[in-house]
Amino acid sequence: MPHSSTLESILARATELEDEYKWLEAIESYEKAAGILTEQDHSSRAEISAGLGYAFYRAAMQAGNRADFHSRMRQTETSYEEAGKLYGECSGKLEKAKALRCKAMIAYASYWLASTV
């Protein structure tokens, strides 16, 4: 199976899992997809990191305890930081806008982790 077909099938599976609210399984699919990409493929790596961040965020909202919630929110921040960095390395206007969205999601996740107002 060619590289792009494999990647597409993994991402399609991640989308199916998201539709079923199976966020932890979707995270596994995104991580598997990230392992396939090359270091030079900034745009695709950014998309996968952003998807991973969103899946961690949603998984945090389904957490059964505070420790899992905090852990997943920290992973949300990390994934969006990586995505923002990768989007910033791209030259298009859309990628620059997506980098700003990543910054917003980092701030939002930080809000959930703050111990004081």
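Let me begin with Tyr54, which at 29% relative accessibility counts as partly exposed, and please keep in mind that what we are looking at is a predicted model.

How do their rings lie? A pair of aromatic rings is described by the distance of the centres and the angle of the planes. In the model there are seven aromatic pairs, and for Tyr54 and Tyr57 the ring centres are 6.2 Å apart with the planes at 40 degrees, so this pair is tilted. Another pair, Tyr111 with Trp112, is edge-to-face, with 5.5 Å from centre to centre and 75 degrees between the planes; here Tyr111 is exposed at 56% relative accessible area, while Trp112 is partly exposed at 33%. Ring pairs link Tyr54, Tyr57, Tyr111 and Trp112 into a cluster that also includes Trp23, Phe69 and Tyr108.

Helix H2, residues 23-36, packs with helix H3, residues 42-61, at an angle of about 160 degrees, and their axes are 9 Å apart. That angle makes H2 roughly antiparallel to H3, since angles over 145 degrees count that way, and H2 passes H3 in a left-handed crossing. Among the residues that meet there are Trp23, Leu24 and Ile27 in H2 and Ile48, Tyr54 and Phe56 in H3. By class, this contact of H2 with H3 has 12 nonpolar, one polar and two charged residues.

Terms used: Residues numbered from 1 in each chain as written. Predicted model: local features only at pLDDT ≥ 70, side-chain atom pairs only at ≥ 80, totals over all residues. Heavy atoms only, no water. Axes fitted to C-alpha atoms, helices over the stretch in contact; angles between N-to-C directions. Helix = DSSP H or I, 4+ residues; strand = E, 2+ residues; numbered from the N terminus. Parallel < 35°, antiparallel > 145°, perpendicular 65-115°, else oblique. Left-handed = near helix turned anticlockwise from the far one by under 90°. Contact = heavy atoms within 4.5 Å. Nonpolar A, V, L, I, M, F, W, Y, C, P; charged D, E, K, R; others polar. Phe/Tyr/Trp six-rings, centres within 6.5 Å; stacked < 30°, edge-to-face > 60°. Buried < 20%, exposed > 50% of the residue type's maximum accessible area, 1.4 Å probe, protein only.
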